[in-house]
Amino acid sequence: MTQIRFDNRVAVVTGAGGGLGRSHALLLASRGAKVVVNDLGGGVKGDGASTSAADQVVAEIKAAGGEAVANYDGIDTMQGAEKLIATAKDAFGKIDIVINNAGILRDVSFQKMTEEDWTKVLNVHLFGSMYVCKAAWPLLKENNYGRLVFTTSAAGLYGNFGQANYSAAKMGIVGLAKTLAHEGAKANIKSNVIAPVAKSRMTETILPPNVLENLKTELVSPLVAYLASETCQDTAQIFSVGGGYVARVAVVESAGVNFDPTQPLIPEQVAERWTQISDLSKAKPFANAMEAAGAALQVAMKA
Ligand SMILES: NC(=O)c1ccc[n+]([C@@H]2O[C@H](COP(=O)([O-])OP(=O)(O)OC[C@H]3O[C@@H](n4cnc5c(N)ncnc54)[C@H](O)[C@@H]3O)[C@@H](O)[C@H]2O)c1
């Protein structure tokens, strides 16, 4: 099999000063990518800032013979994201790959969640992913090439106690990534999402050490590299990854029930057909919103 390489490709990896982002950056650089290592260098809750996290990863890449520059801007503002993309353009002249990975946690039950807990988390994950893509978008279009990899979470896809802010942000990212996949299609921009599980400062207090041992970040980055490569022709997809497991995740719709649209529909009819409405045995994913809406439109058109 041909080796997946990133020679002459420029990658921006957000939150690459530690954890998963560091691992993604090291792998891309080891395969020839010129990497912009972005990290604000703050705490897990989004407090503080330091240049050392990004600097250290840049030093690691260079020591291994790779090319990288550091950027310390917070991606949670449009201005920060623009400075990040300018760093890439100034250092390497273009952008081919954006890995949206930066993240923080402010876990607390919804009852106790403050507006600040909500806003800060949404700002970094959802707005941050949007700001970086927004700043990179004209360059990717100009390139007629782009690979976007976003980071969601099982918490977003399925919900998790104490993570209303994080879950909302992470599911918002899925919508953003899927729409950019459609809008970027003509310019050969592929946009996909990963839902990782890995040992990092985010998980080291919630998972037991023997489990963490097998959740190396290096088991997540190969999927990211594949999605960031020219080889990858998939777009608008979500993948679950961690501990050696890689799987496609999809939003699916049951075969459903077609009531006669020319007749009134009462709640009791819905209740009567509930088992069939909920039956996922013939469920399928849709490629886009129009295709999904088509299921309802077809019934309406036949009537
Ligand atoms: N580790 C897991 O099991 C897991 C599970 C699901 C999702 N994720 C997601 O993976 C991503 C990476 O998380 P991780 O586990 O490596 O945690 P991490 O805390 O080690 O990494 C996150 C990095 O983002 C940086 N960062 C935070 N705010 C930033 C900002 N405003 N601008 C720039 N950088 C910023 C941090 O400094 C940190 O280095 C996150 O989006 C996280 O939500 C991780």
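**Helix H1.** I started with helix H1 (residues 19-30) in this predicted model. H1 lies across strands S1 (10-13), S2 (34-38), S4 and S6 (189-196), and runs at about 170 degrees to S1. Helices (H or I, at least four residues) and strands (E, at least two) are DSSP runs, numbered from the N terminus. Angles run from 0 to 180 degrees between N-to-C directions, with axes fitted to C-alpha atoms, for helices over the stretch in contact.

**Helix H3.** I then found H3 (residues 78-92) packed on the sheet, touching S1, S2 and S3; its direction makes about 150 degrees with that of S3.

**The sheet.** I read the order of the open, eight-stranded sheet as S3-S2-S1-S4-S5-S6-S7-S8, with mixed pairing (two strands pair if DSSP finds at least two bridges between them). S3 (67-71) and S8 (245-249) are the edge strands. I looked up S4 (residues 97-99) and S5 (residues 146-151) too: they run parallel, joined by three bridges.

**The cores.** I noted 43 residues in the largest nonpolar core, a set of buried (under 20% relative accessible area, 1.4 Å probe, protein chains only) Ala, Val, Leu, Ile, Met, Phe, Trp, Tyr and Cys residues joined through side-chain atoms within 4.5 Å. H4 (115-143) gives the most to this core, with 12 residues. Beyond its neighbours within four places in sequence, Ile95 is in contact (heavy atoms within 4.5 Å) with residues including Val10, Ile85 and Leu140.

**Housekeeping.** I number residues from 1 along each chain as its sequence is written, and side-chain values use heavy atoms, without hydrogens and water. Local features need pLDDT of at least 70 and side-chain atom pairs count only at pLDDT 80 or more, while totals for chains, interfaces and linings use all residues.

Definitions and conventions:
Buried < 20%, exposed > 50% of the residue type's maximum accessible area, 1.4 Å probe, protein only.
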